[in-house]
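Student: I would like to understand how the terms used for a protein model follow from its computed values. May we go through some of them in turn?

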Amino acid sequence: MKKLLYLFVMLFVLQGCTTEEVIEDYITLEESSLSCDEHANTLTLQFSATTKWEAEVVDQNKNNWVTISPTSGEAGESTITIQTKNNSTTESRYATICITVGTIQQTVTITQKQNDVIVLAEGEY
């Protein structure tokens, strides 16, 4: 009887011992760059992450012409909505979105085309 009791106790103890699965941080991006015309635009960026993630616009020529939503999320498939403002300048502009999952970072470059205008100098028309 003692042997049977000992066997049940050992099975109970061993059942409680489990190994934790270590999940490596990674991001799978659908695209590494997006582009749009000079008008105000709504773009989407789809990706998957193994753990919680955060995103931010890290470089946009200090003009604040790009906003993103959401800026964080949980593991799995996610979509970030990117809003651009109208580009009334005669130069293309660029922004970088950085997505961080644990210790891994991936970037996506956003390019917005310039406003096409014809500039006439006085006396040339």
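Student: Where is the place of Thr 50?

Tutor: This is a predicted model, and in it Thr 50 is found in the loop between S3 and S4.

Student: Why is Thr 50 called buried?

Tutor: The relative accessibility of Thr 50 is 16%. Buried means under 20%, so Thr 50 counts as buried.

Student: Why is Thr 51 called partly exposed?

Tutor: Thr 51 lies in the loop between strand S3 (41-49) and strand S4 (53-59). Its relative accessibility is 24%.

Student: How far apart are Thr 51 and Asp 25 in sequence and in space?

Tutor: They are 26 residues apart in sequence, while their C-alpha atoms are 6.6 Å apart in space. Asp 25 is also one of the residues that Thr 51 touches, when residues up to four places away in sequence are not counted.

Student: How do you know that S5 and S7 pair?

Tutor: Pairing requires at least two bridges between two strands. S5 and strand S7 (residues 76-84) have four bridges in the antiparallel sense, so by the requirement of at least two they pair. As one example of a bridge, Ser 69 has Thr 81 in S7 as its partner.

Student: What makes S1 and S5 edge strands?

Tutor: Four strands form an open, antiparallel sheet in the order S1-S3-S7-S5. Strand S1 (27-29) and strand S5 (66-69) each pair on one side only, and these are the edge strands. From one strand to the next, the twist averages 30°.

Student: Are Cys 36 and Cys 98 buried or exposed?

Tutor: Cys 36 has a relative accessible area of 8%, and Cys 98 has a relative accessibility of 6%. Buried means under 20%, so Cys 36 is buried, and so is Cys 98.

Student: How many disulfides are counted?

Tutor: A disulfide requires two cysteine sulfur atoms within 2.5 Å, and by this rule the count is zero.

Note on methods:
Residues numbered from 1 in each chain as written. Predicted model: local features only at pLDDT ≥ 70, side-chain atom pairs only at ≥ 80, totals over all residues. Heavy atoms only, no water. Buried < 20%, exposed > 50% of the residue type's maximum accessible area, 1.4 Å probe, protein only. Axes fitted to C-alpha atoms, helices over the stretch in contact; angles between N-to-C directions. Contact = heavy atoms within 4.5 Å.
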